[in-house]
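Hello,

I am passing a structure on to you, and I hope you enjoy looking through it. Please open it first, and then read my notes below alongside it.

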Amino acid sequence: MRAATATERCGLKGDLTKKKAHSQKGETMRLTKVSAMAINGLALLVVLGTAYQAMAQDATTPYPKMAPIEQYLMTDQGAEIALARSAAPESISRDAEILVLGRHGFETAVKGKNGFVCIVGRSWTSAADADFLDPKVRVPMCVNAAAARSYLLRITKIAELALAGHTLAQVNEAIAAAVAKKELPPMEPGAMCYMMSKEGYGGATLPHWPSHLMFFYSDIDPAIWGANLPGSPVIAVADPMEHLTQFVIPTQKWSDGTEDLPATPHVHPSSNGTQ
């Protein structure tokens with residue numbers, strides 16, 4: 001086998017330099033994505049830890065009492081349907097059942113074909129406790145069939161209780177009692193939810209939720225998923241009263257396929273009092 005000439009050696013060195021630079025660029029892009037995921041994960045961990053941790057309301061709560069029911073409703077049903085569909089990619093939400101909020105709870109507005117159900121969550125289920133009665137909250141979510149038969153029943157029950165004038169403490173107590181008495185079923189295997197909308201408003205605690213997926217289990221150890229560990233993109237929030245563990249995974253993309261850039265603040269127009 002002949003030895004490489006000086007020209008060939010120079011060419012080989014150039015190729016290796018290019019490959020090394022390309023590899024470093026790829027590693028930089030990968031680390032950037034990991035960092036973005038960590039930022040999103042941290043934001044979710046903070047807001048979810050606040051949103052699902054029982055807190056007593058006091059005089060400092062921005063919304064100490066229920067606003068008129070009309071403020072929680074959306075007068076344009078078409079707009080509410082479109083907002084609900086934005087929770088998941090169009091390939092999923094276009095054939096989903098759509099529920100809209102009425103004066104006494106959620107009602108079916110569109111029959112579905114694929115088992116998914118999309119709704120626009122209100123403050124009682126989709127905001128931190130401090131924003132429990134904020135009438136401006138609008139958070140799109142789309143659950144699969146397993147979650148529709150288990151998790152969604154809790155969401156709709158909470159909405160009914162809140163619309164009937166129950167306080168946060170009363171709602172928490174009623175849901176915990178219903179779970180204990182098996183009036184509300186445990187989480188069905190495979191229950192999950194898309195929350196990938198770039199629209200909506202989550203309340204003063206976090207005006208816009210980062211794009212993410214949620215998975216629901218009854219009484220499961222978060223360590224099974226490696227959740228809440230350094231470097232892990234998986235976040236877990238456990239509610240022992242409801243025997244519910246929720247796993248959260250950031251997606252880095254909105255439902256329309258565009259990137260969720262964590263460095264860019266997202267404030268929905270409804271945060272300034274308009275809808």
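How do α6 and α7 lie relative to each other: roughly parallel, roughly perpendicular or oblique? Before the reply, please keep in mind that this is a predicted model.

Two packed helices are described by the angle between their axes and the distance between the axes. For helix α6 (residues 151-163) and α7, the angle is about 140° and the axes are 10 Å apart. Angles over 145 degrees would count as roughly antiparallel, so α6 and α7 are oblique to each other. Their crossing is right-handed.

You can find the contact itself by picking out the residues on each side. From α6 come Arg154, Lys157, Ile158, Leu161 and Ala162, and they meet Val171, Ala174, Ile175 and Val179 of α7. Sorted by class, this contact has seven nonpolar residues and two charged ones, with no polar residues.

Next, have a look at helix α2, which spans residues 77-85. Its buried residues are Glu80, Ile81, Leu83 and Ala84. Because these residues cover an arc of only 165° around the axis, they sit on the same side of α2.

Lys182 is not a glycine, yet has a positive phi of about 65°. You will find Lys182 in the loop between α7 (168-180) and β5 (192-195). Is Lys182 buried or exposed? With a relative accessible area of 71%, Lys182 is exposed, because exposed means over 50%.

The other residue is Gln252, again not a glycine, whose phi is positive and near 70°. Gln252 belongs to the segment after β8 (244-250). The relative accessibility of Gln252 is 17%, and since the cut-off for buried is under 20%, Gln252 counts as buried.

Finally, here is the view of the whole protein chain. There are seven helices and eight strands in the chain. Of its 275 residues, 44% are buried. If you take the contacts between residues at least 6 apart in sequence, 67% of them join residues at least 24 apart.

Conventions. Residues are numbered from 1 along each chain as its sequence is written. This is a predicted model: local features need pLDDT of at least 70, side-chain atom pairs count only at pLDDT 80 or more; totals for chains, interfaces and linings use all residues. Side-chain values use heavy atoms; hydrogens and water are left out. Helices (H or I, at least four residues) and strands (E, at least two) are DSSP runs, numbered from the N terminus. Buried means under 20% relative accessible area, exposed over 50%, partly exposed in between (1.4 Å probe, protein chains only). Axes are lines fitted to C-alpha atoms, for helices over the stretch in contact, and angles run from 0 to 180 degrees between N-to-C directions. Angles under 35 degrees count as roughly parallel, over 145 as roughly antiparallel, 65 to 115 as roughly perpendicular and the rest as oblique. A crossing is left-handed if the near helix is turned anticlockwise from the far one by less than a right angle, and right-handed if clockwise. Contact means heavy atoms within 4.5 Å. Ala, Val, Leu, Ile, Met, Phe, Trp, Tyr, Cys and Pro count as nonpolar, Asp, Glu, Lys and Arg as charged, and the others, Gly among them, as polar. The arc is that of the directions from the helix axis to the C-beta atoms.
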